[in-house]
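Please read it alongside the sequence and the model.

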Amino acid sequence: MFQTDYESGFKTLKLVEDVIGEAGGDVIYSRGEYTFYTADGKEGDIGKYVYLWKRVDGQLYLYTDIFSSDKS
């Protein structure tokens, strides 16, 4: 998923979670903001994300994720 971003010069990713909660049953969500940085440390892209995690046999697995750039 991040291969294109990496090839375009983004080398570091920072995630800051704002909210973590249960969506009911075996689904957990997390929401936050991300920042991509270039190799020289400059901010390349910023935006928001949502992850949905699903519990299967007691283990959490990433079920769905979405990123939305604030710079588009």
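1. Thr12 has Tyr37 as its bridge partner in β2. Further along, Val19 is bridged to Arg31, also in β2. Both belong to the antiparallel pairing of strand β1 (residues 10–24) with strand β2 (residues 27–38), which extends over 12 bridges. Two strands are taken to pair if DSSP finds at least two bridges between them. The hairpin of β1 and β2 has 2 residues between the strands, and Gly25 there adopts a positive phi near 60°.

2. On the basis of the note: the model is predicted, so that local features need pLDDT of at least 70 and side-chain atom pairs count only at pLDDT 80 or more, while totals for chains, interfaces and linings use all residues. Residues are numbered from 1 along each chain as its sequence is written, and side-chain values use heavy atoms, with hydrogens and water left out.

3. The chain contains 1 helix and 4 strands, in the sequence pattern α-β-β-β-β. These elements are DSSP runs numbered from the N terminus (helices: H or I, at least four residues; strands: E, at least two).

4. The 4 strands make an open sheet in the order β1-β2-β3-β4, with antiparallel pairing. Because β1 and β4 stand at the edges with a single partner strand each, one side of each is left without a neighbour in the sheet. On average, neighbouring strands of this sheet are turned by 20° against each other, direction ignored; the axes behind such angles are lines fitted to C-alpha atoms, for helices over the stretch in contact, and angles run from 0 to 180 degrees between N-to-C directions.

5. Which residues make up the cluster linked by ring pairs? They are Phe10, Tyr34, Phe36, Tyr49, Tyr51, Trp53 and Phe67. The whole structure holds 7 aromatic pairs. Rings of Phe, Tyr and Trp (its six-membered ring) pair if their centres lie within 6.5 Å; planes under 30 degrees apart count as stacked, over 60 as edge-to-face and the rest as tilted. Tyr51 and Phe67 form an edge-to-face pair, 6.1 Å centre to centre with 75° between the planes. Since Tyr51 lies in strand β3 (residues 43–56) and Phe67 in strand β4 (residues 59–69), this pair ties together parts that are 16 residues apart in sequence.

6. Buried means under 20% relative accessible area, exposed over 50%, and partly exposed in between (1.4 Å probe, protein chains only). Leaving aside residues up to four places away in sequence, Tyr49 touches several residues, including Leu15, Val16, Arg31, Tyr34, Ile66 and Phe67; contact means heavy atoms within 4.5 Å. Tyr49 and Ser69, 20 residues apart in sequence, are 8.8 Å apart in space, C-alpha to C-alpha.

7. As to overall dimensions, the C-alpha atoms fill a box of roughly 45 × 20 × 20 Å along the principal axes. Of the 72 residues of the chain, 17% count as buried. Among contacts with a separation of 6 or more, 32% are between residues 24 or more positions apart.
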